[in-house]
Amino acid sequence: MRIRERLEKTEARFRELEGLLANPETVRDRNKFQSLSKEMSLLRPIVETFEQYRKIEKEVEGLKHGLTESHGDDGMKNLINEELRTLEEEQRQREVRLEDLFLRDTEPDAARDVIVEIRAGTGGEEAALFAADLFRMYSMYASDHGLRVEVMDLNPTGIGGFKEIIFGVSGEHAYSCFKYESGIHRVQRVPKTEASGRIHTSAVTVAVLPEVAEEEIEIIPTDLRIDVYRASGAGGQHVNKTDSAVRITHIPTGFVVACQDERSQQKNKAKAMRILRAKIYEFRRERQEAEIAKNRKEQVGSGDRSGKIRTYNYPDNRVTDHRIGLTLHSLSQVLDGQMDALIQALAEDEKERRLTAL
């Protein structure tokens with residue numbers, strides 16, 4: 001196997017973690033204990049599958065040796081060959097599983113939760129309505145996979161759309177489920193507001209940001225400008241009566257984040273800081289990837305996330321992912337959160353490219 005040496009290093013790290021977690025000093029440090037426990041839980045399926053693979057590998061070697069010892073005994077050879085075929089098929093299945101687990105583990109953000117931003121682009125009110133459709137699609141997809149969705153900020157329109165909505169997704173493999181969604185999503189349909197029945201094309205942008213812990217990104221307080229103001233829009237009696245909304249500007253990067261979804265100014269500030277940390281982390285990562293690409297004179301990372309990635313065509317009940325050339329005639333199911341066929345195809349494409357790179 002091409003990745004065997006790295007799997008052996010992963011196994012060594014797992015054993016090291018077992019020792020660290022048994023250390024009383026680690027147990028007393030709650031943050032460290034939680035961090036190491038999370039790392040160990042991610043490595044466990046890799047190590048267990050690798051152990052199963054090596055066990056089968058030894059059995060296969062034993063059977064092959066048995067074939068050379070069964071001199072002229074056709075009946076015994078047939079039995080051994082039959083068992084050998086069964087074991088070799090199990091071995092191939094374990095190898096595919098190991099590749100999947102290993103590539104997931106070597107994704108630097110695999111264990112992270114995510115923050116998703118959906119913004120209406122070209123198309124006016126129709127784009128805002130489709131932004132709401134995408135939020136519904138992602139919410140249903142997350143629910144089907146045991147993930148939790150938390151709305152962090154939203155800017156609704158008068159007829160049910162969103163100029164912008166920001167939400168967090170947390171749970172096991174949240175990043176793996178959502179990482180392919182960054183880019184421009186194009187919709188082709190007859191708008192509800194269109195009387196003549198003409199098909200319009202609108203666009204919505206989606207950004208998926210890995211969420212980072214406070215200690216991972218150092219933000220200097222003097223680099224921030226924090227403004228508070230009265231919230232607007234839906235929210236009950238507190239709207240326009242208290243300065244609960246918060247806008248934070250990160251002066252070095254120029255990033256501006258705002259949050260008004262909570263009644264409490266402190267809660268809005270905490271959410272805004274979570275979004276800001278994710279933006280800074282992504283900014284630094286993209287800059288690092290660009291530098292690597294420049295040095296290697298090749299494209300790295302997940303590609304141009306600012307480009308058109310998917311088209312949703314209502315008249316033909318069709319959804320097309322332009323990155324891999326996949327077209328599905330099941331748009332209504334996809335919009336109901338049944339995105340597994342899309343995500344799995346994208347994951348397989350990424351797997352092939354990453355294994356080739358290895």
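Glu 181 sits in the loop between α6 and β4 (183-189), and at 1% relative accessibility it counts as buried. Here buried means under 20% relative accessible area, exposed means over 50%, and partly exposed lies in between, with a 1.4 Å probe and protein chains only. Leaving aside residues up to four places away in sequence, Glu 181 touches Tyr 138, Val 206, Val 208, Ile 309, Arg 310, Met 339 and Ile 343. A contact means heavy atoms within 4.5 Å. Helices (H or I, at least four residues) and strands (E, at least two) are DSSP runs, numbered from the N terminus.

A word on the source: this is a predicted model, in which local features need pLDDT of at least 70 and side-chain atom pairs count only at pLDDT 80 or more, while totals for chains, interfaces and linings use all residues. Residues are numbered from 1 along each chain as its sequence is written, and side-chain values use heavy atoms, with hydrogens and water left out.

**The chain and its cores**

The protein chain has 9 helices and 11 strands. Of its 358 residues, 40% count as buried. Among contacts between residues at least 6 apart in sequence, 62% join residues at least 24 apart.

A nonpolar core is a set of buried Ala, Val, Leu, Ile, Met, Phe, Trp, Tyr and Cys residues joined through side-chain atoms within 4.5 Å. The largest one has 36 residues, and those touching the most other members are Val 116, Ile 118, Leu 134, Tyr 138, Val 169 and Phe 178. At least two residues each come from β1 (114-120), α5 (125-144), β3 (162-170), α6 (174-178), β5 (200-210), α8 (331-335) and α9 (340-357). Helix α5 gives the largest share, 9 residues. Which residues does Val 116 touch, not counting those up to four places away in sequence? They are Ile 165, Ile 166, Phe 167, Val 169, Phe 178, Val 206, Ala 207 and Val 208. Apart from this core lies another, of 19 residues, including Val 212, Ile 248, Leu 276 and Ile 280.

Met 137 is found in helix α5 and is buried, with a relative accessible area of 0%. Beyond residues up to four places away in sequence, Met 137 touches Tyr 312, Val 334, Leu 335, Gly 337 and Met 339. Met 137 and Gln 338 are 201 residues apart in sequence, yet their C-alpha atoms are 8.1 Å apart in space.

The expected span of a helix is 1.5 Å times one less than its number of residues. Just after α5, Gly 146 takes a positive phi of about 70 degrees. The 40 residues of helix α3 (residues 30-69) should span 58 Å, and the end C-alpha atoms are 57 Å apart, which also agrees. Helix α3 has a kink of about 35 degrees at Leu 43, shortly before the proline Pro 45; the bend at a residue is the angle between axes fitted to the seven residues ending there and the seven starting there.

**Aromatic rings**

The structure holds 6 aromatic pairs. Rings of Phe, Tyr and Trp (its six-membered ring) pair if their centres lie within 6.5 Å; planes under 30 degrees apart count as stacked, over 60 as edge-to-face and the rest as tilted. Phe 255 and Phe 283 have ring centres 5.7 Å apart and planes at 85 degrees, so the pair is edge-to-face. This pair links distant parts of the chain, with Phe 255 in strand β8 (residues 255-259) and Phe 283 in helix α7 (residues 265-296), 28 residues apart. Phe 255 is partly exposed at a relative accessible area of 22%, and Phe 283 is partly exposed at 34%. Elsewhere, Phe 135, Phe 162 and Phe 167 form one aromatic cluster.

| Charged residue | Ring | Distance to ring centre |
|---|---|---|
| Arg 112 | Tyr 281 | 4.8 Å |
| Arg 189 | Tyr 314 | 4.8 Å |

**Positive phi in loops**

Most residues other than glycine have a negative phi. His 173, in the loop between β3 and α6, has a positive phi of about 65 degrees and is partly exposed at 22% relative accessible area. Asn 317, in the loop between β9 (308-313) and β10 (318-321), has a positive phi of about 50 degrees and is partly exposed at 28%.

Notes
Lys NZ or Arg CZ within 6 Å of the ring centre and 35° of its normal.
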